[in-house]
Amino acid sequence: MGAGVVKQADDGGGTRRRRRAGRHPAAMSEINVTPFVDVMLVLLIIFMVAAPLLTVGVPVELPKTAAEALPTEQEEPLVVSLTADGRVTIMTTEVPQAELVARLRGIAVERADDKVFLRADGAIPYERVMQVMGALNAGGFSNIGLVTDTGGPTLDGRDG
């Protein structure tokens, strides 16, 4: 890994150089960190660009609450989103309302965990959210978590 520096003798004329017989080149005692820094900067840029893309891609304006975040699980949680215009998506796939329960039953058979996260836009009426929760329950998911944004009111007179 280390590169050696070969010192050559000058014969006085400056036209011809050769190595002294029997001498070994001296080991280089400095570490070149420039390639390491270059690789780290490239990785930093990759992670900075990729991190925002790792979130679920359905745009939903979540309501704000003072609730704490749930602990993370081993299996990637199933996310059902309800958009402001009433569309229902499972992860990133839009599902017609008539097929929702059948698709959820098929997914429930394949999954080891019955936990599902429901992301509903804050402009959606409460009745519509409860209808989707009923469909989740009918589809085999009894452990439903409602996803919200933090920083909402705490209902004790102060903002979170």
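This is a predicted model: local features need pLDDT of at least 70, side-chain atom pairs count only at pLDDT 80 or more; totals for chains, interfaces and linings use all residues.

User: In which sense do β6 and β9 pair, and over how many bridges?

Analyst: Strands of a sheet pair through backbone hydrogen bonds, either parallel or antiparallel. Two strands count as paired if DSSP finds at least two bridges between them. Here β6 and β9 pair in the parallel sense, over five bridges. Residues are numbered from 1 along each chain as its sequence is written, and side-chain values use heavy atoms, with hydrogens and water left out.

User: What do the names of the strands and helices refer to?

Analyst: They are DSSP runs numbered from the N terminus: helices are H or I with at least four residues, and strands are E with at least two. Strand β9, for example, covers residues 115-120, and five bridges join β9 to β10, the two running parallel. Along this pair, K115 stands opposite N143 in β10, and F117 stands opposite G145 in β10.

User: How does the chain cross from β9 to β10, and what is the handedness of the crossover?

Analyst: A crossover is right-handed if, with the strands pointing away from the viewer, the path from the first strand over the helix to the second runs clockwise. In this structure the chain passes from β9 through α3 to β10, and this β-α-β crossover is right-handed.

User: In which sense do β6 and β7 pair?

Analyst: β6 and β7 pair in the antiparallel sense, over three bridges. S81 stands opposite T89 in β7. The hairpin of β6 and β7 has five residues between the strands, and G86 takes a positive phi near 90° there.

User: In what order do the strands of the sheet stand?

Analyst: The five strands form an open sheet in the order β8-β7-β6-β9-β10, with mixed pairing. β8 (93-95) and β10 (143-147) each have a single partner strand, so they stand at the edges and one side of each is left without a neighbour in the sheet. Neighbouring strands of this sheet are turned by 30° against each other on average, direction ignored.

User: Are the residues of β6 and β9 buried or exposed?

Analyst: Buried means under 20% relative accessible area, exposed over 50%, and partly exposed in between, with a 1.4 Å probe and protein chains only. Six of the six residues of β9 are buried, so β9 is largely enclosed by the rest of the structure. K115, F117 and R119 point one way from β9, and V116, L118 and A120 the other way. β6 is mostly covered, five of its five residues being buried. L78, V80 and L82 point one way from β6, whereas V79 and S81 point the other way.

User: How many residues has the largest nonpolar core?

Analyst: A nonpolar core is a set of buried Ala, Val, Leu, Ile, Met, Phe, Trp, Tyr and Cys residues joined through side-chain atoms within 4.5 Å. The largest has 17 residues, and those with the most contacts inside it are V80, L82, I90, L100 and L104. β6, β7, α2, β9 and α3 each supply at least two residues of this core, and α3 gives the most, with four.

User: Which residues are linked in a network of salt bridges?

Analyst: A salt bridge is a side-chain nitrogen of Lys or Arg within 4 Å of a carboxyl oxygen of Asp or Glu. The structure holds three salt bridges, and D85, R87 and E94 are linked in a network. The closest N and O atoms of R87 and D85 are 3.0 Å apart, and R87 meets E94 at 3.4 Å, N to O. D85 is exposed, with a relative accessible area of 55%, whereas R87 is partly exposed at 35% relative accessibility. R103 forms a salt bridge with E99, with 3.2 Å between the closest N and O atoms.

Methods. Axes are lines fitted to C-alpha atoms, for helices over the stretch in contact, and angles run from 0 to 180 degrees between N-to-C directions.
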